[in-house]
Amino acid sequence: MKSGKNSLYDDLKRQILTMELDPDQDLDEVSLSERYGLSRTPVREIFRRLEGEGYIDIRANRGARVVPMNHQTLRHFFLVAPMIYAAIGRLAVQNFKPKQLADLTDTQERFRTASVTGDALSMVLENNRFHEIIGEMSGNAYLQPSLGRLLIDHARIGHTFFRPRNDDMRRRLRLAADHHDGFIAAIGSHDEDTVVDLVFEHWELSRENMEMFIAPQGLKADALVGMPAASTEESS
């Protein structure tokens, strides 16, 4: 049975990744202490841990909040994500351990199951874990924190990818699952170039969906908008 501290840590991570907690949302230290049966000191320890991992932001005299997403962070995300994913992929091929490959395969099986049943929240979490494991395979102390921070926003920006609304989005989701299988096979066979090729294919697959989330299609204008000026004058 998980302790209150572990439950709080896991729950906050899950709620941030799945957008149950909105970007920039304040976190109430007192209510969390009561809900998890903790004093405020361990809650603050969890906050500091999550801040170090990029999930929350602690402001002097203003408390903790979910890390925001603004124009600057999104711009940085789209600029560097493919480069970091590619570097992580190359290092994963060079440094992975058999146990990590087995964990990656197990995670993919859970992701596949969630995609078949349409369990969007599980897909978000298992997809995030899949790419975390590839980061762990890299064994690079400099790139792993950067990957972790990228994956937080990747999950939040791309959450609509796991809630397909039409046949094309469902096709993309099936292809993403196929890419995961490709990563497992290429890493297992030490095929660095194929892993990097898959990184960019996988990135392009989700990029358009992420852009739809950032800039959704506009609402249809009212009928009066765009009416000839004469018509408007006649009705007045």
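The protein chain has ten helices and three strands. Keep in mind that what you're looking at is a predicted model.

**The whole chain**

- The protein chain has 236 residues, and 42% of them count as buried.

**Helix 5 meets helix 6**

- Two packed helices are described by the angle between their axes and the distance between the axes.
- Here, helix 5 covers residues 98-117 and helix 6 covers residues 120-138; their axes come within 9 Å and cross at roughly 165°.
- That angle makes helix 5 roughly antiparallel to helix 6, because angles over 145 degrees count as roughly antiparallel.
- As for handedness, helix 5 and helix 6 make a left-handed crossing.
- On the helix 5 side, the residues making the contact include Leu-101, Leu-104, Phe-111 and Ala-114.
- Helix 6 brings in residues including Met-123, Phe-130, Ile-133 and Ile-134.
- Charged residues take part as well, among them Asp-103 and Arg-110 of helix 5 and Glu-126 and Arg-129 of helix 6.
- Sort the residues of this helix 5 and helix 6 contact by type and you get nine nonpolar, six polar and five charged.

**Asp-153, a residue in helix 7**

- You'll find Asp-153 in helix 7, which spans residues 143-157.
- Is Asp-153 buried or exposed? Its relative accessibility is 4%, so Asp-153 counts as buried, the cut-off being under 20%.
- Leaving out residues up to four places away in sequence, Asp-153 touches Met-69, Phe-77 and Gly-158.
- Asp-153 and Leu-17 sit 136 residues apart in sequence, yet their C-alpha atoms are 7.8 Å apart in space.

**His-76, a residue in helix 4**

- His-76 belongs to helix 4, which runs over residues 71-95.
- With a relative accessibility of 40%, His-76 counts as partly exposed, since that label goes to values between the 20% and 50% cut-offs.
- How far apart are the C-alpha atoms of His-76 and Leu-150? They are separated by 9.6 Å, although the two residues are 74 residues apart along the chain.

Technical notes
Residues are numbered from 1 along each chain as its sequence is written. This is a predicted model: local features need pLDDT of at least 70, side-chain atom pairs count only at pLDDT 80 or more; totals for chains, interfaces and linings use all residues. Side-chain values use heavy atoms; hydrogens and water are left out. Axes are lines fitted to C-alpha atoms, for helices over the stretch in contact, and angles run from 0 to 180 degrees between N-to-C directions. Helices (H or I, at least four residues) and strands (E, at least two) are DSSP runs, numbered from the N terminus. Angles under 35 degrees count as roughly parallel, over 145 as roughly antiparallel, 65 to 115 as roughly perpendicular and the rest as oblique. A crossing is left-handed if the near helix is turned anticlockwise from the far one by less than a right angle, and right-handed if clockwise. Contact means heavy atoms within 4.5 Å. Buried means under 20% relative accessible area, exposed over 50%, partly exposed in between (1.4 Å probe, protein chains only).
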